[in-house]
Amino acid sequence: MSNILRRIEIPIFLTIVFTLIQVVPYYVYIQPLDDAASYIQRWILIVLALATFVGVISILQVHGKNVAKRSKGWYFSVIVLVFTIVMALVGLPLAEVGLGDKNPVYLFLFNYMLQPLSGTMYSIIAFFIASAAFRAFRARNIEASIVLVSGLLMLISNAPLFTVFWPPFKTIGTWIFAVPNMATNRAITIGAALGLIALAVRTLMGIERGYLRGGGAEQ
Amino acid sequence: MAVTTVLGIFIQGRVFGLVCLLVIMGATAYFIRQAQAGKVPTLRRLAGVDAIDEAIGRAVEMGKPIICSHGIATLRDATTGPQTIAGLSVLSYVARRAAEVGARLIVPVRQTEVWPVAADVVETAYKLAGKGSEYKVEDIQFLSSDQFGYSSNYMGLLMREKPGANIMIGAYWAESMQLAETGSRVGAMQISGTAQTSQIPFFLVATDYCLIGEEVYSAGAYLSKDPQLIASLAGQDVGRIIATIIVVLGGLLTTVGSKLILDIMAW
């Protein structure tokens, strides 16, 4: 029985059936199929809720082992473990006993630790962009020179210091953004959409197996 | 909500899309049948995909691990989910090669629902290479479901492990620049790929090789060298021809004041 359940045809069959249930109602109006698609969306929520535990288990495996072995920087793992456990406990959906997303400890951790840290990480992207731009914006060949000139013009067009002296900088920047940039963007989007459709066809035909265990090879 | 239909069954506004989809699917199926009969189209070389073996070899020579991630998207989203599938296909290949050459493979994961899939892909690859005992479940690391929690964890991983190769193929958002730049700082050979148009420039400037848009979806087929998968890529060309005709015709007709193409697309 267990050998039958491990057959590669089973996940392929499930993928095909559930993909069709979601795709067909987008184009064709058949009420029972529409209801089935909505119903399956609820299954996804249940699977996702259960999958949360997988994340916690993985964190415990990785950081628990770090602490147990006293690996380099093990004390950081202690911090991760403590906050994972505290956040999970105080965030339990048990409002009757004061837990959940209104719990003051949960709110404190979320508002004064998680959010500021997240915001900080987001804001430092500017510095990463600056260092990458410093390396990339070099006129090594024609293509790189086009990138360099376009990038400089875009920078200038967004800097009031320059546009106030010569307003056409703004027009040039707007043109670069709206014409060559948009044309390239659309070409990539159309190409990506076609690639996506081909991937979907391969998946529906059961020949795209890379996402299955061992690339779909039988053990 | 009342749904307006065409011929009583097809949802209005989506019929043209359905026709295009069916034509492309038909073309893809046709080329796959052709491949089964022995006619396999020639595939252009993808430098980024060819470099994966080089990156793995480099990591082994340096005695450093390989980090391979499949993006931060779920498997569910209609546009970004397939990028995760494509990233997992690449992961499958990288895991097989890493197991064969004895390199340590670390897989950072953001989505809990993708973790079991990634772990299964890697574990089976090790077993198929006859090295099941070398597979370490703790190397398939769930970092954080928070975007920047994942990003900071991934950067920490790069700084601590100093990998020989950092392969990032899938859907990425604002963290792409942070990851690629940190990978560059630690001297990893980097191969990236995404269909997120806003992130492609970041990957292009900060990594050694970058797969752009559709190349991401083709990578799995390219690596597998499976004639049927390669043939399916030829079906995309039919879609490309249709897209080109619509763009040219639409441009010309709209210029002369006709809304024919727009009306057809709204059917």
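S77(A) lies in helix α4 (residues 74-90) of chain A, where helices (H or I, at least four residues) and strands (E, at least two) are DSSP runs numbered from the N terminus. This is a predicted model, in which local features need pLDDT of at least 70, side-chain atom pairs count only at pLDDT 80 or more, and totals for chains, interfaces and linings use all residues. Residues are numbered from 1 along each chain as its sequence is written, while chains are lettered from A and ligands numbered from 1 in the order in which they are written.

S77(A) counts as buried because it has 20 C-beta neighbours inside 10 Å; a residue is buried with 20 or more other C-beta atoms within 10 Å of its own, exposed with 12 or fewer, and partly exposed in between, the C-beta atoms being placed from the backbone.

| Residue | Touches |
|---|---|
| S77(A) | H63(A), N66(A) and V67(A) |
| V122(B) | L91(B), A95(B), L105(B), V107(B), Y135(B) and I140(B) |

Chain A as a whole comes to ten helices and zero strands, and its C-alpha trace spans about 75 × 50 × 40 Å along the principal axes. Buried residues make up 14% of its 219 residues.

V122(B) is among the residues with the most contacts inside the largest nonpolar core, which has 94 residues; such a core is a set of buried Ala, Val, Leu, Ile, Met, Phe, Trp, Tyr and Cys residues joined through C-beta atoms within 7 Å. Helix α3 (residues 81-101) of chain B gives the largest share of this core, ten residues.

How values were computed. Contact = placed C-beta atoms within 7 Å. Lists of a residue's contacts leave out its neighbours within four places in sequence.
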